There are 2 protein chains.
Amino acid sequence: MIDSGLSNTPEPPYYAVIFTSQRTPGDAGYGAMAERMAELAAQQPGYLGMESARSADGVGITVSYWKDENAIRHWKRQAEHLAAQQQGRKQWYSAYDIRVARVERAYEFIAPLEHLKPAFREMKG
Amino acid sequence: MIDSGLSNTPEPPYYAVIFTSQRTPGDAGYGAMAERMAELAAQQPGYLGMESARSADGVGITVSYWKDENAIRHWKRQAEHLAAQQQGRKQWYSAYDIRVARVERAYEFIAPLEHLKPAFREMKG
């Protein structure tokens, strides 16, 4: 779903890496790194998509989707990513959890157009 | 990890429900419902934890953790939760994805205290 910030993944099974984190205060290069890592991840073999959200209280969740465990291992060891991981432990995160999970089934909901764009409908009507 | 907003889950394997969503504009009772659902989920059999984040652009991710697939099915069919799901499709979400995944391995990082509280260290020193 290109417009919504949600990932358009294939039929399961595939893998998800659930990365939940608590940020330390301040940016300290974090925003630029996060953007670069999203760009870099998307170039890796077996990448299927990524979704990310961070609340004002500093709790963030990034879920990335991968074809198989090999793709995850490859991304984990990518050189620039390794440097970011190290800096993350040193500076950006007060705590994080990484969970590797096999996606077994998935459902999608997209609201009908009339739900989303009443003004547009009125124009057409 | 009580202090960080991250869940303290047991050793894998267990299950994760990854709920990624795009909100419609405005609250319209959403905040109260989300709070109530978090409270209600925590009372269900097999509940292991929940993490949630929503960015300013409306993309949200909630990951809930469950002992097994039965616990997920039970929660999916809980009456008050069913009503919230229906209202969600009617009003709160323009799109969402639900992915059910088996967590196979997990890693945790907690920053050493001196990383987090330099001011406190100085006071002690």
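In this predicted model, strand β1 (residues 14–23) of chain A is joined by 8 bridges to strand β3 (residues 59–66) of chain A. The two strands run antiparallel. One facing pair can be picked out: A:Tyr15 stands opposite A:Trp66 in β3(A). Helix α2 (residues 69–76) of chain A packs on the sheet. This helix touches β1, β2, β3 and β4 (93–110) of chain A. Its direction makes about 35 degrees with that of β1(A).

The β1–β3 pair of chain A belongs to an open sheet of 8 strands. The order is β2(A)-β3(A)-β1(A)-β4(A)-β4(B)-β1(B)-β3(B)-β2(B), with antiparallel pairing. Follow that order and the sheet passes from chain A to chain B at β4(A)-β4(B). At the edges stand β2 (47–54) of chain A and β2 (47–54) of chain B. Each has a single partner strand, so one side of each has no neighbour in the sheet. From one strand to the next, the twist averages 25 degrees.

How are the two chains related? A rotation of 180 degrees, with 0.0 Å of shift along its axis, superposes chain A on chain B. The RMSD is 0.0 Å. The copies are therefore related as by a two-fold rotation axis. The interface tells its own part: 100% of the interface residues of chain A are also interface residues in chain B, so the copies meet through the same surface.

Now take one residue, B:Arg99. It is found in strand β4 (residues 93–110) of chain B. Is B:Arg99 buried or exposed? The cut-off for burial is 20 or more other C-beta atoms within 10 Å. B:Arg99 has 24 C-beta neighbours inside 10 Å, so it counts as buried. Leaving aside residues up to four places away in sequence, B:Arg99 touches A:Ala16, A:Val103 and A:Ala106 in chain A, and B:Ile18 in chain B. B:Ala16 lies 83 residues from B:Arg99 along the chain, yet their C-alpha atoms are separated by 8.1 Å.

Chain B also shows a helix pair. Two packed helices are described by the angle between their axes and the distance between the axes. Helix α1 (residues 30–41) of chain B packs with helix α3 (residues 79–92) of chain B at about 150 degrees, their axes 11 Å apart. Angles over 145 degrees count as roughly antiparallel, so α1(B) is roughly antiparallel to α3(B). Their crossing is left-handed. On the α1(B) side, B:Tyr30, B:Met33, B:Met37 and B:Leu40 make the contact. They meet B:Glu80, B:His81, B:Ala84 and B:Trp92 in α3(B).

Key. Residues numbered from 1 in each chain as written. Chains lettered and ligands numbered in written order. Predicted model: local features only at pLDDT ≥ 70, side-chain atom pairs only at ≥ 80, totals over all residues. Least-squares fit on C-alpha atoms with pLDDT ≥ 70 in both. Contact = placed C-beta atoms within 7 Å. Helix = DSSP H or I, 4+ residues; strand = E, 2+ residues; numbered from the N terminus. Buried ≥ 20, exposed ≤ 12 C-beta atoms within 10 Å, placed from the backbone. Pairing = 2+ DSSP bridges. Axes fitted to C-alpha atoms, helices over the stretch in contact; angles between N-to-C directions. Parallel < 35°, antiparallel > 145°, perpendicular 65-115°, else oblique. Left-handed = near helix turned anticlockwise from the far one by under 90°.
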